[in-house]
Structures are given as structure tokens and as C-alpha cells.
Amino acid sequence: MHTAMSETMLFPLSGRRVWVAGHRGLVGSALVRRLAREDCEILTAGRDSLDLRSPDQVDLWMKNVRPEAVFVAAAKVGGIHANDTQPATFLYDNLMIEANVIEAARRYGVEKLLFLGSSCIYPRLSPQPIPASALLTGALEPTNEWYAIAKIAGLKLCQAYRRQYGCDFISLMPTNLYGPGDNFDLQQSHVVPALIAKAHQARVTGAVSLSVWGSGTPLREFLHVDDAADGIVFAMQHYSGETPLNLGSGEEISIGDLARMICHITGYSGRIAFDITKPDGTPRKVVDGNALRTLGWQASTSLETGLRQTYRWYLDHAGLSGHTGTSGPRRAYG
Ligand code: GFB
């Protein structure tokens, strides 16, 4: 069955029971902050009580709690090194989480579900900015193909459940995110928290140089997680269609320039040393965010403002003790 609903039919969250799956992660915690401004009941489950990789546990939770709207922000996530070295975990955990949550949402009549993917679902050499139509037109970036395959399966589940069951399940593909609550563990993290932690430590210890992975030439688009949460809530309320929506800022920078900006913000004035034994990943990844802009949403935090705020958060939460990590592998299952 194909759905007949309008792509822009309004879905107010006011008065609804809303489950944020993965509420302790970078995106999930930002979503909880953002949803506090909506008149809705926010539902969460800790990882201790609910393992989203378990079909039985997810079924029972959904049966008992009966959310009306669901944000699937739960995922096993990580930066280029974590993705490259834990292929099984990135593929298995993410497939299980999304399949369990989406199927249980259908079974218990969830009115609307928003699944979060990633811009790495697109081919490595996509046209830039990347349109949603680039999906499945070419080979993936090898350092994150396992995660990308899982996320492609998730967005396909949403499309399939729309077609076969008429479920109002949509998906959103955010660009590289950063912000308060990120994972600063150097083996697991993405580039922004890694460079903030490294530059801070380099300044504190008076190191002569700062190691930046790869050549410094790859281009990345960064979006502050509070902007992302705002865009995600906006999409839940304003979009209802089969095509995944891209979520970006349009603000692109090379890794070398990002490193220089972070050194400036953290006050580190030593040398930047590019470690070309480490992978660059995809050369360029900026999404075409036009569809969401046309609906009426755009990001508002500049990269420099967002980095300064994230550095302040790091100092308050992780940097003072002198260690660089907040935790081990980041999972937002519950
Ligand atoms: O953020 P990042 O790990 O992920 O790396 P991707 C971005 C770029 O920063 C790469 C470089 O070119 C890295 O080599 N980089 C420089 C560093 N120094 C560092 C460092 O100390 N740590 C890290 N982590 N990078 C991820 C995917 O790709 O993007 C995920 O692996 C996901 O699947 C995520 O899609 C959004 O942008 O390369």
C-alpha cells in the first residue's frame, strides 16, 4: 500500500508521548533539550533497562510504554578509526537497533517515526553538495561502509514500511555533527572532539606539536548538535515523505583549517603535524540541504561560535582532570 499523505502535512508534538531512543548520545541528549520547549511528554529508557539490540526487550518496552512519536537517535557511532576497526559492531548493532525499533513501532501503532542516518550513506565520490538522489549510485567510502550499509538499511526500512504498511516513517541524513556531550575518547571520537582534546592537552603540557590525522585536505561540513536537534524536530513536524531529507549547515572547512581554528580557540600555538599514516576518509562531504531549507529550516550557529561553546563544555566536563576521554566506545542503545 502506498501512503496518500501530503509530504508537508503538519504533525504537532504538543500533547503527544514522544520516545527519544538513544537519549544519552550526542544527538539524543540534544533532542531532549530541544523537546523540552514543546508541550509533549518525553519518554526515555536507560541502557541498563533496555538493550535496543534485543527484539524481545524492544517489543516489551513499546507494548508497555506506547509512544505516539519516536526519534531513532540510538546508534553505535564513532569516528573514522572506530568505524574502520570495528566493522562487525557497527554493522550488527545498528542493523539490530533500527530493525527492532521500526518493527515494534509498526506493531504498536506509532503515529510517526523519524530515523537518523548519516551523510556517509552517499557514495564516496558523490556530486557536491550531495543530493538525496545520489543514494546507491556508486561505491561507498571504505572506512565507513559498514556503518553506511546499516544506515542505508534503516532508511530503506522506513521507505518499505511506508509502502507496505502505510506507516508515517521518515528519515533524515545529518552531516558531521559536533557539540556539547560529544565523545572525546581519541580512539572512538570524530575529528572535532578529538582535536579539541588534543589541542587542549598540547597547550597544557607545552607540547611542541599537535598530531592531526591524514593530509589535512579533506573537506567536511559541520553542524552544531543543537541546530541538528532543532532541524530534526522541525522535520518531524513538517515533513512526511519517502525521500530522505539531508540536514546540513552549508559551512564547509578543510581538516587543516579546522585544526588551525581549534588551536586558536584553545590557545595552542605549537606546530601542526599531519600524520599521513592515518586515513583521510572521503575527500569531500557536504550535503544538499535545500529540501529542508525550502520547508523553512536552516542552521543558525556559526562553526567558530559552536567550537568555542563546545570547548567550554569540554573544560567543564572532561578537560580539567587532564584526561582526554569521557568514556570508552560510545553507544546510545537505550
Ligand atoms: O570525524 P572523522 O573521524 O570522520 O574524521 P569522517 C574526519 C577527518 O578528520 C578525517 C581527520 O580526514 C580524519 O582523518 N582527522 C584528523 C581526525 N585528526 C583526527 C583525529 O584526531 N581524530 C579523528 N577522528 N579524525 C565519519 C564516519 O567519517 O563521519 C562515520 O566514519 C560518520 O561513519 C561520521 O558518518 C559522520 O567524516 O571521515
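This is a predicted model: local features need pLDDT of at least 70, side-chain atom pairs count only at pLDDT 80 or more; totals for chains, interfaces and linings use all residues.
**Exercise 1. Helix α8**

Which residues of α8 are buried? Check the length of the helix too.

*Solution.* I255, G256, L258, A259, I262, C263, I265 and T266 of α8 are buried. Next, take the length. Helix α8 covers residues 255-266, twelve in number. At 1.5 Å a residue, 16 Å is expected. From first C-alpha to last, α8 reaches 16 Å, close to that value. Finally, look past the end. G267 follows α8 and has a positive phi, near 85°.

**Exercise 2. Helix α4**

What span should the 21 residues of α4 have, and what is the distance between the end C-alpha atoms?

*Solution.* Helix α4 runs over residues 87-107. At 1.5 Å a residue, its 21 residues should span 30 Å. The end C-alpha atoms are 30 Å apart, which agrees. Now list the buried positions: F90, D93, N94, I97, E98, N100, V101, I102, E103, A104 and A105. An α-helix has 3.6 residues a turn, so residues three or four places apart point the same way. After α4 comes G109, with a positive phi near 70°.

**Exercise 3. Two helix pairs**

Describe how α4 packs on α5, and how α1 packs on α7.

*Solution.* Two packed helices are described by the angle between their axes and the distance between the axes.

Step 1: α4 and α5 (residues 145-165) pack at about 15°, with axes 8 Å apart. That angle is under 35 degrees, so α4 is roughly parallel to α5. Their crossing is right-handed. On the α4 side the contact includes F90, L91, N94 and E98. On the α5 side it includes W146, A150, A153 and L157.

Step 2: α1 and α7 pack at about 65°, with axes 8 Å apart. Roughly perpendicular covers 65 to 115 degrees, so α1 is roughly perpendicular to α7. α1 passes α7 in a right-handed crossing. The contact uses L26, V27, A30, L31, R33, R34 and L35 of α1. From α7 come V225, D226, A229, D230, I232 and V233.

**Exercise 4. The nonpolar cores**

Which residues touch the most other members of the largest nonpolar core? Which element gives the most to this core?

*Solution.* In soluble globular proteins, nonpolar side chains tend to be buried together. The largest nonpolar core here has 32 residues. L13, L31, F71, L114, L172 and I232 touch the most other members. Elements giving two or more residues to this core include α1 (26-35), β3 (69-72) and α7 (225-238). α7 gives the most, with eight residues. Zoom in on F71. Leaving out residues up to four places away in sequence, the residues F71 touches include L13, L31, L114 and I232. A second, separate core has 26 residues, including W19, L52, A104 and F115.

Key
Residues are numbered from 1 along each chain as its sequence is written. Side-chain values use heavy atoms; hydrogens and water are left out. A nonpolar core is a set of buried Ala, Val, Leu, Ile, Met, Phe, Trp, Tyr and Cys residues joined through side-chain atoms within 4.5 Å. Buried means under 20% relative accessible area, exposed over 50%, partly exposed in between (1.4 Å probe, protein chains only). Helices (H or I, at least four residues) and strands (E, at least two) are DSSP runs, numbered from the N terminus. Contact means heavy atoms within 4.5 Å. The expected span of a helix is 1.5 Å times one less than its number of residues. Axes are lines fitted to C-alpha atoms, for helices over the stretch in contact, and angles run from 0 to 180 degrees between N-to-C directions. Angles under 35 degrees count as roughly parallel, over 145 as roughly antiparallel, 65 to 115 as roughly perpendicular and the rest as oblique. A crossing is left-handed if the near helix is turned anticlockwise from the far one by less than a right angle, and right-handed if clockwise.
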